[in-house]
Amino acid sequence: MSTALEFEPSGSAQDSVLVPPTNQFVTFSAGDRGYGVDIMAVREIRSWSPTTELPDGSYSACGVLDIRGTVVEVHDLSAMLGGQRLNAAPGHVVLVVSLGETTVGILVDSVSDIIFAKDDEFRDAPASGGDPSSAKVSRLVRQEDRLIAILNLPALFPFVSMH
């Protein structure tokens with residue numbers, strides 16, 4: 001039996017992607033790196049459970065889960081960011097996030113915390129030479145002695161329709 005923590009943000013799923021950032025983030029680790037996503041995009045945090053693999057999936061695709069009647073594709077964040085695939089096992093976590101009307105899962109090592117970042121804790125992410133809207137990291141947040149990379153979910157999942 002998997003454990004899940006559900007979030008009930010106000011407004012529709014589409015509205016949650018279009019509202020300005022709240023400065024509140026769910027933080028987690030993938031490999032030895034710290035990441036975060038806007039709390040308004042997170043629908044659920046689930047313990048890892050085996051997925052059903054589908055043919056022709058991308059390198060990062062772990063398969064799909066049936067979550068209360070909705071098929072959710074799960075992607076390995078480490079693989080999405082150019083690292084090695086995780087050997088998914090009990091103890092790993094799936095963050096279920098909303099991208100417009102589509103829900104996707106992100107496989108990570110563990111969830112760390114929910115943080116509130118003050119305006120003076122934000123840092124610009126280094127330019128990667130391309131369009132800033134397509135950068136996978138939108139900005140960085142200074143928390144104690146580390147920097148947390150805030151993920152740009154639309155850039156990570158460009159194949160997902162935001163409408």
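**Notebook: strands, rings and turns in a predicted model**

I began at the hairpin of E2 and E3, which has two residues between its strands, and found that Gly31 there takes a positive phi near 70°. Strands here are DSSP runs of E with at least two residues, helices are runs of H or I with at least four residues, and both are numbered from the N terminus. I noted that this is a predicted model, in which local features need pLDDT of at least 70 and side-chain atom pairs count only at pLDDT 80 or more, while totals for chains, interfaces and linings use all residues. Residues are numbered from 1 along each chain as its sequence is written, and side-chain values use heavy atoms, with hydrogens and water left out.

**Entry on the whole protein**

I looked up the secondary structure, which comes to three helices and twelve strands. The protein has 163 residues, and 46% of them count as buried (buried means under 20% relative accessible area, exposed over 50%, and partly exposed in between, with a 1.4 Å probe and protein chains only). When I took contacts between residues at least 6 apart in sequence, 56% of them joined residues at least 24 apart, where contact means heavy atoms within 4.5 Å.

**Entry on strand E2**

Which strands pair with E2? I found that E2 and strand E3 (residues 33-38) pair in the antiparallel sense over six bridges, and that E2 and strand E9 (residues 110-116) also pair in the antiparallel sense over six bridges. Two strands pair if DSSP finds at least two bridges between them. Six of the seven residues of E2 are buried, so the strand is largely enclosed by the rest of the structure.

**Entry on rings**

My search of the whole structure gave two aromatic pairs. In one of them, Phe25 and Phe122 have ring centres 6.1 Å apart and planes at 75°, so the pair is edge-to-face. Rings of Phe, Tyr and Trp (its six-membered ring) pair if their centres lie within 6.5 Å, and planes under 30 degrees apart count as stacked, over 60 as edge-to-face and the rest as tilted. This pair links distant parts of the chain, since Phe25 is in strand E2 (residues 24-30) and Phe122 is in strand E10 (residues 122-124), 97 residues apart. Phe25 counts as buried because its relative accessibility is 1%, and Phe122 counts as buried at 16%.

I then turned to the ring of Tyr59, over which the charged end of Arg85 sits, 5.8 Å from the ring centre. For this, NZ of Lys or CZ of Arg must be within 6 Å of the ring centre and within 35 degrees of the ring normal.

**Entry on two loop residues**

Where are the residues other than glycine that I noted with a positive phi? Arg68, with phi near 50°, lies in the loop between strand E5 (61-67) and strand E6 (70-76). At 56% relative accessibility, Arg68 counts as exposed. Glu144, with phi near 55°, lies in the loop between strand E11 (137-143) and strand E12 (146-151). Glu144 is exposed too, with a relative accessible area of 77%.
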